[in-house]
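Subject: Handover of the structure and notes

Hello,

Here is the structure I promised to pass on. My notes follow below it.

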Amino acid sequence: MAQPDQKKFFENLSGAGKAIAVLTSGGDAQGMNAAVRAVVRVGIYIGAKVYFIHEGYQGLVDGGENIEEAKWESVSSMLQVGGTVIGSARCKEFRTHEGRRAAAQNLVLRGITNLCVIGGDGSLTGANLFREEWSGLLDELVQQGKIDRESAEKYSHLNIVGMVGSIDNDFCGTDMTIGTDSALHRIIEVVDAIVTTAQSHQRTFVLEVMGRHCGYLALVSALACGADWMFIPEMPPADGWEEQMCTKLSENRARKKRLNIIIVSEGAIDTSNKPITSEHIKNLVVKCLGFDTRVTILGHVQRGGTPSAFDRILASRMGVEAVLALLEASADTPACVVSLCGNQAVRLPLMECVQMTQEVQKAMDERRFEEAVRLRGRSFENNLNTYKLLAHRKPQSELPISSFNVAVLNVGAPAAGMNAAVRSAVRVGITEGHKIFAVNDGFEGFAKGQIKEIKWGDVGGWTGQGGSLLGTKRTLPAKHLEKIAEQMKANKINALLVIGGFEAFECLLQLTEARSRYEEFCIPMCVLPATISNNVPGTDLSIGADTSVNAIVQTCDRIKQSASGTKRRVFIIETMGGYCGYLASVGGLAAGADAAYIFEEPFDIRDLQSNVEHLTAKMKTSIQRGLVLRNENSNENYTTDFIYQLYSEEGKGVFDCRKNVLGHMQQGGAPSPFDRNFGTKIAAKAMLWISRKLKETYRKGRVFANTDDTACLLGMRRRALVFQPVVDLKNETDFVHRIPKEQWWLKLRPLMKILAKYKTSLDVSESGQLEHVVRHRRPEESEGVPA
């Protein structure tokens, strides 16, 4: 990595004299257009020529009009479009030596030696072979008289960077491929719709999702909707699964559950590598149980529709990283893929990733299924382990014997995904042998004694519900410490799990500070960050923020579309978030905003004036719509009304203005797949941590925990989930404005500005290091280190 004192800035890099071509290949995936847009705009921004290659490798081989120079306006309004605007095609010719020679000739004639390929492992393997053969192909072209020797020497090596666009998430080395999150959105939309009809008729639904060789979509959608059973190629069911599944389904019905959901990956197999089809499962359920059963095959619905906010941001970040990698590439650097690890963009050698991806298939073919799961990487393995914890209720006789009582409560404003976290915590806690108590209405309810035991079945169907089913209040415990301590004593509470926003963090601080006065608070306590504002210290992401960003982006898309066919128009949109500008900034990046005003980045009248002038200049070209976001507390004087009036006045004769205050629609709605999955995973991890702490702090017949490391916040930090003592996070927090002092997403803001054609400074010091694919090992878990 670059040292902090050797900062590297994007604007100091020059692409002058370089030509970059971008193509999409293989199956389409939502978000590919966002990646193309980022490559084009960032390439032009640094002074390079950028070319579209239409119709994938076919266009590369055919040349002619298929290779077209891209302009800044060429990629306007494509961010929200699904599929790939520049087209994708399977190409047999490129698989031949002659085809690749024709492709090389087409690139050399235009002086293109930098290729950005967006596709799956087949597309990227083809690109790597092309690169390896490049100098030989040029020699052949010289001999045939199709290019001159001078051109062959000038364009002697080809740089290749890949971005993985695949809805299956089947590429090793990256946590998420472009398109996966959007495909999950489509699946979950269908599941949520099916749940209502299935409940009406007490039906069983078998849903078949895509994933010929990879079960990621089936696994995560099963986690996100609380499916009764799941079939994936990496984990074939044990022999006798038919009987086990039917027993589980009938037990669930006996517990008054009115529906069953079974999710099947299209590549599902048994331990003998024989396919398990959705039709076979349906027939089995009907024959054994007589349940009314229906099959729904989602098919290409999963590839369609508009990209999710996550995919737009992922693709935009990857696009910038790809151009950066091409600029820094030399004849000696191997072809690389830009990828996501945790919350960080990384570069990995392309062929290392491809080889590991192929190893997974080989392991499955040879029935080494545990090895296949491990090779898929930590994200897949974590998902699978969480699913196993939650999916099948063990009989009472198999549960560990524990005398511990754990209380779970929500604090602060409601956030989508809170209920998924509660469900996960309750079920993992029960599996660990504890009694779980649900507290209604936060600490206010705690003080009033609104506490009751919650059972496995009580949280069925909670994952897809928005808001907070337990009820939540912003009240801090300081006023009610005595009553809360009394209730803890009366209910023999041995541990506490608090799910909420900034208030939840403050609550745990208050309880920790009160330990010296109240022994009842000397127990293991954990906070899970859940707030749409994403303003909790100690974590990059909070439960609920993804759902909220998606709500903002969908609304911005609709608002922008409302002006199509009319004259030029600029929209001023106000977002929530308190003093935290996360929603405005990340929403702005995903919606293609021209500016986003936030508290963390002070602005004055000169900034506003320059923004208006910039928009006016843009509106005089072929661009017809502008989008400006403003965080609700960004500035007490430059209000949304003020900015609206300023833009209206200054834009007279060029564009007109409209304003929208999005309000509480940002807080409502069903949780996104990401929030369901994130809430489920971190709650399971937190409950296992609580179990461990209970055992460690149990002495002489009671729990006594008063050290800092027994009151923690579990947050995502860059690449890992980390337990951090809340007292250690005090110094990282601005309590007046209720935000962390340092926020990672501020680094994304220059990216939004560059994509909106502003000259700005982008620190890329953390980029540039080519890493290696790490075979996943299980790290030892502890506080303050990756868990």
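Let me start with a term. A salt bridge is a side-chain nitrogen of Lys or Arg within 4 Å of a carboxyl oxygen of Asp or Glu. The model is predicted: local features need pLDDT of at least 70, side-chain atom pairs count only at pLDDT 80 or more, and totals for chains, interfaces and linings use all residues. Numbering runs from 1 along each chain as its sequence is written, and side-chain values use heavy atoms, with hydrogens and water left out.

Two more terms come up throughout. Helices (H or I, at least four residues) and strands (E, at least two) are DSSP runs, numbered from the N terminus. Buried means under 20% relative accessible area, exposed means over 50%, and partly exposed lies in between (1.4 Å probe, protein chains only).

Salt bridges

The count comes to 35 salt bridges. Here are some of them.

Arg702 and Glu519 meet through their side chains in a salt bridge, 2.6 Å from N to O. This pair links distant parts of the chain, 183 residues apart. Arg702 sits in strand 23 (residues 702-703). Glu519 is in the loop between helix 17 (502-513) and strand 17 (525-529). Arg702 counts as partly exposed because its relative accessibility is 42%. Glu519 is partly exposed too, at 48%.

Arg186 and Glu189 form another salt bridge, with the closest N and O atoms 3.3 Å apart. Both belong to helix 6 (residues 180-201). They are 3 residues apart, so about one helical turn separates them. Is Arg186 buried or exposed? Arg186 is buried, at 11% relative accessibility. Glu189 is partly exposed, at 44%.

Arg294 and Asp292 also pair, at 2.5 Å from N to O. Arg294 has 35% relative accessibility, so it counts as partly exposed. Asp292, at 30%, is partly exposed as well.

There is also a network of salt bridges. It links Arg474, Glu503, Glu506 and Arg738.

Backbone

Arg738 turns up again here. Arg738 is not a glycine, yet its phi is positive, about 55°. Most residues other than glycine have a negative phi. Arg738 lies in the loop between strand 26 (733-734) and strand 27 (739-740). Its relative accessibility is 28%, so Arg738 counts as partly exposed.

Arg367 has a positive phi too, near 65°. Where is Arg367? Look in the loop between helix 11 (350-365) and helix 12 (369-376).

Aromatic rings

Rings of Phe, Tyr and Trp (its six-membered ring) pair if their centres lie within 6.5 Å; planes under 30 degrees apart count as stacked, over 60 as edge-to-face and the rest as tilted. How many aromatic pairs does this rule give? The count comes to 18 aromatic pairs. One of them is Phe443 with Phe446, a stacked pair at 6.1 Å centre to centre, with 10° between the planes. Phe443 and Phe446 are 3 residues apart in helix 15 (residues 442-448), so about one helical turn lies between them. Both Phe443 and Phe446 are buried.

Tyr57, Phe94, Phe130 and Trp134 make up one aromatic cluster.

A charged patch

Patches are made of residues with over 30% relative accessible area and no salt bridge: like charges are joined within 9 Å, nonpolar side chains (Val, Leu, Ile, Met, Phe, Trp, Tyr) within 5 Å. Lys and Arg count as positive and Asp and Glu as negative, while His and the chain ends are not counted. The place of a charge is NZ of Lys, CZ of Arg, CG of Asp or CD of Glu. Accessible areas come from the Shrake-Rupley method.

Which residues form a positive surface patch? Arg90, Lys92, Arg95 and Arg212 do. Arg95 is in the loop between strand 3 (67-69) and helix 3 (97-109). Arg95 is exposed because its relative accessibility is 71%.

Two distances

Ala238 and Gly442 are 204 residues apart along the chain, and 43 Å separates their C-alpha atoms. Ala238 is in the loop between strand 7 (229-231) and helix 8 (241-254). Ala238 is partly exposed, at 48%.

Ser562 and Gly581 are 19 residues apart in sequence and 26 Å apart in space, C-alpha to C-alpha. Ser562 is part of helix 18 (residues 545-562). At 47% relative accessibility, Ser562 is partly exposed.

Best wishes

Terms used: Areas by Shrake-Rupley, 256 points an atom, 1.4 Å probe, with all protein chains shown as cover.
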